[in-house]
Structures are given as C-alpha cells and as structure tokens.
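Keep the viewer open and follow along.

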Amino acid sequence: MTRPRRPSAPLLRDSSSAIHSRPVRRRDPDQPNLPFDPMPSRVEPCLALLKQTVPQGPDWLYEVKWDGYRLALHIEPKGIRILTRGGHDWTHRFPTIAAGAKELGVSSCILDGEAVVLDEEGRSDFGALQRSLGGRGGKRISTESIFCAFDLLYLDGHNLTRTELSVRRHLLEDLVPETSDRSIRFSEELDLGGEELLEHACHLGLEGVIAKRRDSPYRSGRLGDWQKIKCVQSDSFMIVGYEESASNRGGLGSLLLAGRKGHDWVYVGSVGTGFNRTEAEYLRKTLNRLRTKKPVVPLRGKRLVFSEPTLIAEIEFRGWTREGSLRHPSYKGLREIQDNAAVFDLTDATVIR
C-alpha cells in the first residue's frame with residue numbers, strides 16, 4: 001500500500017510497506033456491546049537499547065531520537081490522562097497537549113510518545129523543556145511543549161500491543177493530523193538508511209536516531225526491538241556530591257557523578273559546565289540538605305561535599321577515558337523522580353573505552 005506523502009522535514013518520509021494485520025476475534029453474541037479488549041490503566045513502556053552502530057536492512061525503520069520526557073497519552077470517554085514513564089499523572093502539567101488530545105476525535109486510545117520543546121531549527125531541547133516546567137520538582141505547567149507520538153498501543157476497543165509495529169504506525173498516522181503546528185504530532189520515519197542516516201542526523205544537530213523492527217510487537221522493557229544510536233552521548237548519572245568553589249557560580253565548582261554497577265555506585269568523574277548561577281545555587285542548596293558524612297564512592301578532598309544518592313542528572317559527554325571517567329561532560333538538567341529515569345549501568349564494560 002502506497003501512502004500519500006506528508007509535507008515534512010528533509011529527513012522524513014512515509015512508509016510504503018504492505019500492511020499485514022492479525023485477524024480480530026469476533027464479538028461474543030451474548031455481549032454485543034462490550035469492547036473487544038478492556039483498556040489497560042497503564043502499559044509499561046518499551047525502551048530502546050543503546051547501540052554504537054545503526055542496524056541495517058529493510059526490517060528496520062528509523063526515527064528521530066527525541067530529547068524530552070517519555071509520556072503515555074490516554075484518551076478515554078471520561079477524560080484525558082497523561083502519564084510519565086514511572087506511571088505518575090502529569091495531565092495538569094501539559095494542558096496544551098491535553099487540549100490537543102481532545103481534538104483527535106477518537107473515543108479511546110493510548111499513544112506512546114515524548115513531550116518536547118523545540119528550538120528554532122525544530123530540534124528538541126531537554127533544557128528548555130525542563131525550564132518550561134520550572135526545573136526538577138517545579139510546579140509550572142508547560143504550554144510550549146508538544147507531544148511527538150511514535151506508537152499506538154490501544155484504539156477503540158482493540159489492544160494493539162501484539163500487533164506488528166508497521167500496522168500500529170499505519171493506524172497512528174491516520175489518527176494524528178498532518179498539520180505541523182499542532183500540539184500532537186506524528187514522529188515520522190527518516191528517509192535515509194544506515195550510517196549515512198546517522199551522519200546526516202548528527203550534521204543537523206539532532207540527538208540521534210532510533211531504530212525499530214518493523215514486524216515487532218510492543219514488548220515492555222529494554223529487549224532490543226528498539227535501539228538508540230546517539231550523535232553525542234547523553235545519559236543519566238547520580239549526583240553523589242559536589243566540589244565547593246569560592247569563585248564559581250553559587251559556590252559550586254563541579255558535581256560529582258556516579259553510575260551503577262550491580263548494587264554498587266562507581267565514580268565516573270565530575271561536571272562543571274552546563275549550569276548557570278541560578279541552577280548552581282539551587283543544586284548546592286539541595287545537595288546540602290542531602291549531605292552525608294559517608295560518601296557512596298571512595299573519594300577524599302577538603303573541598304568535597306558528599307550527598308545521599310537522590311538527584312539524577314542528565315549529562316552530555318563525548319566518550320570515556322581509559323580510567324573510566326566521562327570525557328568532556330556537560331550538565332543538561334535534573335531528571336524528575338516521576339520520569340523514572342534509569343541511572344547509567346556500567347556492567348557492560350565495553351562502553352568504557
């Protein structure tokens with residue numbers, strides 16, 4: 001089936017693959033008015049596995065890697081719910097997205113996607129999104145955010161999680177309006193393949209690309225059906241303290257970072273760039289409230305202040321040193337507890353080279 005082409009960004013194209021769907025079971029004649037499948041209250045998200053190279057071949061489709069907050073958008077006859085990755089209700093924090101959901105004209109569905117704030121070039125900016133929400137623990141509502149929908153898990157009585165991705169996206173594309181100024185937009189397929197795609201995406205300043213198996217069902221967890229390949233590495237690390245400074249912004253020189261390895265914390269270096277004076281003052285005050293005399297990583301220093309492992313920071317970096325420290329790290333912002341962000345796991349030692 002050939003679908004009409006949408007007006008889109010230069011990297012994007014529509015799918016021309018044939019649609020093969022499983023047959024839907026018949027209704028029970030004794031209960032003709034019941035839906036085929038009950039609508040789940042929550043679906044644990046499918047997560048992308050980090051890879052160094054783009055998987056090749058026609059079995060894969062590619063999308064932009066959005067840099068924001070993963071959300072599930074539930075549209076029900078009784079109202080709208082917007083859930084974070086951790087299952088927390090953030091409907092009140094994204095009123096523009098909720099309003100856009102009401103305009104889709106569907107009685108019940110679950111959309112999987114990402115809330116983002118775009119810059120002037122149309123690229124997602126995590127820092128701008130966080131600022132629009134008032135920072136970690138902030139109480140603001142974000143009117144600048146849009147929702148980039150990339151999957152459809154439920155639609156009008158049909159649970160689609162066992163259906164192949166190509167069918168789910170076909171239905172999703174029919175559901176989401178084509179106009180580019182809406183608060184809910186379809187995350188389109190990228191037009192190039194393989195390493196050429198990654199190079200082009202990086203040249204445009206994108207976060208990276210996501211590769212997904214076209215025939216895969218929707219499986220919760222990080223199982224490899226979806227893979228993420230990043231232009232500049234960016235991941236979540238635990239803040240385990242800071243280095244004091246008499247001259248730098250807010251008295252904070254750098255943040256001490258750690259990753260996980262099994263049940264232990266492993267020091268991965270410090271970051272002293274990416275935050276302004278206001279952010280530095282907030283971080284210092286918050287870490288002082290979490291202060292502890294017993295560090296979770298084996299560090300010593302007169303100017304080091306250690307804290308309980310509570311705050312998770314998103315860090316952009318250029319790779320790893322031979323000693324296992326982040327190379328050229330830069331602070332992007334704090335992750336919300338409700339976002340359920342996973343701290344970087346160092347168990348796979350091949351990434352630290």
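## A covered helix

The buried residues of α3 pack against β3, β6, β7, β9, β10 (189-190) and β11. Contact here means heavy atoms within 4.5 Å, and buried means under 20% relative accessible area, with exposed over 50% and partly exposed in between (1.4 Å probe, protein chains only). Helices (H or I, at least four residues) and strands (E, at least two) are DSSP runs, numbered from the N terminus. Of the 11 residues in α3, 9 are buried; among them are Leu165, Val167, Leu172 and Leu175, but also Arg168, Arg169, His170 and Glu173.

A word on what you're looking at: this is a predicted model, in which local features need pLDDT of at least 70 and side-chain atom pairs count only at pLDDT 80 or more, while totals for chains, interfaces and linings use all residues. Residues are numbered from 1 along each chain as its sequence is written, and side-chain values use heavy atoms, with hydrogens and water left out.

## The chain as a whole

The chain has 5 helices and 18 strands. Of its 353 residues, 52% are buried. If you take the contacts with a separation of 6 or more, 69% of them are between residues 24 or more positions apart.

How many residues does the largest nonpolar core have? It has 31, and Leu73, Phe94, Leu111 and Ile184 are the ones with the most contacts inside it. Elements that each supply at least two residues of this core include β4 (69-76), β5 (79-84), α1 (95-102), β6 (109-116), α2 (126-132), β7 (146-155) and α3 (165-175). A second, separate core has 26 residues, including Trp60, Cys148, Leu190 and Leu198. For the record, a nonpolar core is a set of buried Ala, Val, Leu, Ile, Met, Phe, Trp, Tyr and Cys residues joined through side-chain atoms within 4.5 Å.

Click on Phe94 to see who it touches. Not counting residues up to four places away in sequence, Phe94 is in contact with Leu71, Ile82, Ala115, Leu129, Leu133, Ser142 and Ser145.

## Strands side by side

Is β6 mostly covered or mostly open? It's mostly covered, with 8 of its 8 residues buried. Two strands pair if DSSP finds at least two bridges between them. β6 runs antiparallel to β4, with 7 bridges joining them, and Ala72 has Asp112 of β6 as its bridge partner. β6 also pairs with β7 in the antiparallel sense, over 8 bridges; there, Gly113 stands opposite Ala149.

Further along is β17 (residues 312-317), where 5 of the 6 residues are buried. It runs antiparallel to β13, joined by 6 bridges, and Met238 has Ile312 in β17 as its bridge partner. Another 5 bridges join β17 to β18 (residues 330-335), also antiparallel, and Ala313 stands opposite Leu334 in β18.

## Glu243 in β13

Glu243 is found in strand β13. Why does Glu243 count as partly exposed? Because its relative accessibility is 24%. Leaving aside neighbours within four places in sequence, Glu243 is in contact with Gly251, Leu252, Gly253, Ser254, Arg303 and Leu304. Glu243 and Leu255 are 12 residues apart in sequence, and their C-alpha atoms are 6.4 Å apart.

The largest pocket holds about 930 Å³ of space. It is lined by 36 residues, and Ala48, Arg222, Lys228, Lys230 and Asp235 are the closest to its centre. By class, the lining has 14 nonpolar, 5 polar and 17 charged residues. (Ala, Val, Leu, Ile, Met, Phe, Trp, Tyr, Cys and Pro count as nonpolar, Asp, Glu, Lys and Arg as charged, and the others, Gly among them, as polar.) Strands that each supply at least two lining residues include β11 (208-213), β12 (226-230) and β13 (233-244).

On a 1 Å grid over the protein atoms alone, a cavity is a set of points where a 1.4 Å probe fits but cannot get out, and a pocket is an open set with protein on both sides within 12 Å along at least five of seven lines; lining residues have an atom within 4 Å of a point. Grid points are joined across faces, edges and corners, and a volume is the space filled by probe spheres set on the points. There are 4 cavities of 30 Å³ or more. The second largest cavity has a volume of about 90 Å³, and its lining includes Arg42, Ala72, Asp112 and Tyr218. β4 gives the most to that lining, with 3 residues.
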